[in-house]
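Please look over the protein shown below with its open spaces in mind. The briefing that follows takes up the pockets and then the chain as a whole.

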Amino acid sequence: MAVKLDSSIRLAGYEQYGTVVVTYSFNSGTENGVSFTASNFPRTAYFPDTNKGNEVVDLMKVAFERRLVFTIGTSVTTGQQNTIVWNDIHHKTSLDRGNPYGYPDPGYLDRVVAELKSKGVELQST
């Protein structure tokens with residue numbers, strides 16, 4: 001999981017902010033004696049460079065370290081078995097305005113925080 005700030009990318013609905021770009025890269029391999037593929041990697045996700053957006057990126061880092069962002073399963077888009085697939089934590093992967101996998105989506109950050117919380121990943125109170 002690589003994270004970088006790109007101040008030239010403006011997400012719809014967050015035009016006054018830069019963008020945090022998260023890139024996930026995997027290779028095919030074997031786990032517990034089962035071979036799996038890593039199709040369509042690297043995958044890139046986008047978050048607004050706001051306080052809430054950066055909180056979500058921090059939570060994504062925790063989820064990734066806990067191996068919660070991806071799982072090995074059957075791809076719903078290709079039907080391919082034993083491949084790395086998303087694990088029910090939604091990501092915005094498109095920069096195209098109005099694309100269901102892009103912005104604007106005013107409730108996205110709150111929804112993804114709830115998804116992460118359902119997997120035991122939440123901000124710690126200080």
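On a 1 Å grid over the protein atoms alone, a pocket is an open set of points with protein on both sides within 12 Å along at least five of seven lines, and its lining residues have an atom within 4 Å of a point. Grid points are joined across faces, edges and corners, and a volume is the space filled by probe spheres set on the points. By these terms, the largest pocket holds about 720 Å³ of space, and Arg43, Val76, Thr77, Trp86 and Tyr101 are the closest to its centre among the 24 residues that line it.

This is a predicted model, in which local features need pLDDT of at least 70 and side-chain atom pairs count only at pLDDT 80 or more, while totals for chains, interfaces and linings use all residues. Residues are numbered from 1 along each chain as its sequence is written, and side-chain values use heavy atoms, with hydrogens and water left out.

**The largest pocket**
- Strand β7 (83–86) and helix α2 (108–118) each supply at least two residues of the lining, where helices (H or I, at least four residues) and strands (E, at least two) are DSSP runs numbered from the N terminus.
- With four residues, β7 gives the most to this lining.
- The lining has eight nonpolar, eleven polar and five charged residues, where Ala, Val, Leu, Ile, Met, Phe, Trp, Tyr, Cys and Pro count as nonpolar, Asp, Glu, Lys and Arg as charged, and the others, Gly among them, as polar.

**The second largest pocket**
- About 250 Å³ of space lies in the second largest pocket, and the residues that line it include Phe26, Phe36, Phe64 and Phe70, together with Glu31 and Arg67.
- Strand β6 (residues 70–73) gives the most to the lining of this pocket, with three residues.
- By class, the lining of the second largest pocket divides into eight nonpolar residues, one polar and two charged.

**The chain as a whole**
- The chain has two helices and seven strands, which run β-β-β-β-β-α-β-β-α from the N terminus on.
- The radius of gyration of the chain is 15 Å, close to the 14 Å that the globule rule gives for 126 residues, so the chain is as compact as a globular protein of that length; the radius is taken over C-alpha atoms, and the rule is 2.2 Å times the number of residues to the power 0.38.
- Along its principal axes, the C-alpha trace spans about 45 × 35 × 20 Å.
- Of the 126 residues, 38% count as buried, meaning under 20% relative accessible area with a 1.4 Å probe and protein chains only.

Notes
1 Å grid on protein atoms, 1.4 Å probe; cavity = no way out; pocket = protein on both sides within 12 Å on 5 of 7 lines; lining within 4 Å. Buried < 20%, exposed > 50% of the residue type's maximum accessible area, 1.4 Å probe, protein only.
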